[in-house]
Amino acid sequence: MEYMFETEHLKVRKFKIEDAQCLYENHLEEEVKKWIPNESYADIEETQGAINFYAGCVNDGHLPYVLAVELKETGELIGDTGVNEVEEKTNEVEIGYTICKKHSGKGYATELLNAMTKFIVSTFGINVLYGRVMRGNNASVRVLEKNGYVFVKEEFGAEDDPYGNGMLIYMREC
């Protein structure tokens with residue numbers, strides 16, 4: 001398996017079709033559905049379609065660029081990370097990540113965001129990265145802040161904020 005990058009505890013790679021069941025289950029977790037409600041898959045077939053799309057984008061070297069996150073010690077798929085373009089802004093992306101509940105609270109998200117930020121900057125020459133967090137998701141706010149992302153504004157009425165609580169926008173310039 002070819003890995004895009006590794007950290008102390010994680011290995012990050014392109015998705016493969018065999019990841020479908022685990023990705024599907026990870027995105028059904030209550031925490032993921034609560035904080036990233038538009039990121040759940042309807043069924044395994046939709047998950048497989050997403051994996052094929054993600055792998056194609058990685059193969060072609062274009063956005064969105066979504067990768068699988070494994071626990072280095074066991075090879076278990078514990079999350080995912082990715083970036084997508086920011087509308088009408090060149091050299092700016094939105095970064096995201098998930099770590100399944102079983103492995104949350106261990107510093108993996110902070111470790112992952114640090115490495116993914118560096119990887120995206122060096123791979124794509126991106127200058128500005130944004131992290132969007134639903135108001136109330138204090139764990140993700142801490143992860144962003146630990147990685148040098150700073151609060152820039154709050155956004156209301158976003159498509160990915162079905163509760164109307166507001167999205168906190170963080171930015172990091174590289």
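This is a predicted model: local features need pLDDT of at least 70, side-chain atom pairs count only at pLDDT 80 or more; totals for chains, interfaces and linings use all residues.

Mentor: Helix α4 covers residues 108-124, 17 residues in all, and spans 23 Å from its first C-alpha to its last, close to the 24 Å expected at 1.5 Å a residue. Its buried residues include Tyr108, Leu112, Leu113, Met116, Phe119 and Ile120, and also the polar residues Thr110, Glu111 and Thr117.

Turning to the rings, a search of the whole structure finds 6 aromatic pairs. One of them joins Phe5 and Phe119 in a tilted arrangement, with 5.0 Å from centre to centre and 40° between the planes. This pair links distant parts of the chain, since Phe5 sits in strand β1 (residues 3-6) and Phe119 in helix α4, 114 residues apart, and both Phe5 and Phe119 are buried. The rings of Tyr65 and Phe124 also have their centres 5.0 Å apart, but their planes meet at 80°, over the 60 degrees cut-off, so this pair counts as edge-to-face. Because Tyr65 lies in strand β3 (residues 65-71) and Phe124 in helix α4, the pair ties together parts that are 59 residues apart in sequence. Tyr65 has 4% relative accessibility and therefore counts as buried, whereas Phe124, at 24%, counts as partly exposed. Taken together, ring pairs link Phe5, Tyr65, Phe119 and Phe124 into a cluster.

How values were computed:
Residues are numbered from 1 along each chain as its sequence is written. Side-chain values use heavy atoms; hydrogens and water are left out. Helices (H or I, at least four residues) and strands (E, at least two) are DSSP runs, numbered from the N terminus. The expected span of a helix is 1.5 Å times one less than its number of residues. Buried means under 20% relative accessible area, exposed over 50%, partly exposed in between (1.4 Å probe, protein chains only). Rings of Phe, Tyr and Trp (its six-membered ring) pair if their centres lie within 6.5 Å; planes under 30 degrees apart count as stacked, over 60 as edge-to-face and the rest as tilted.
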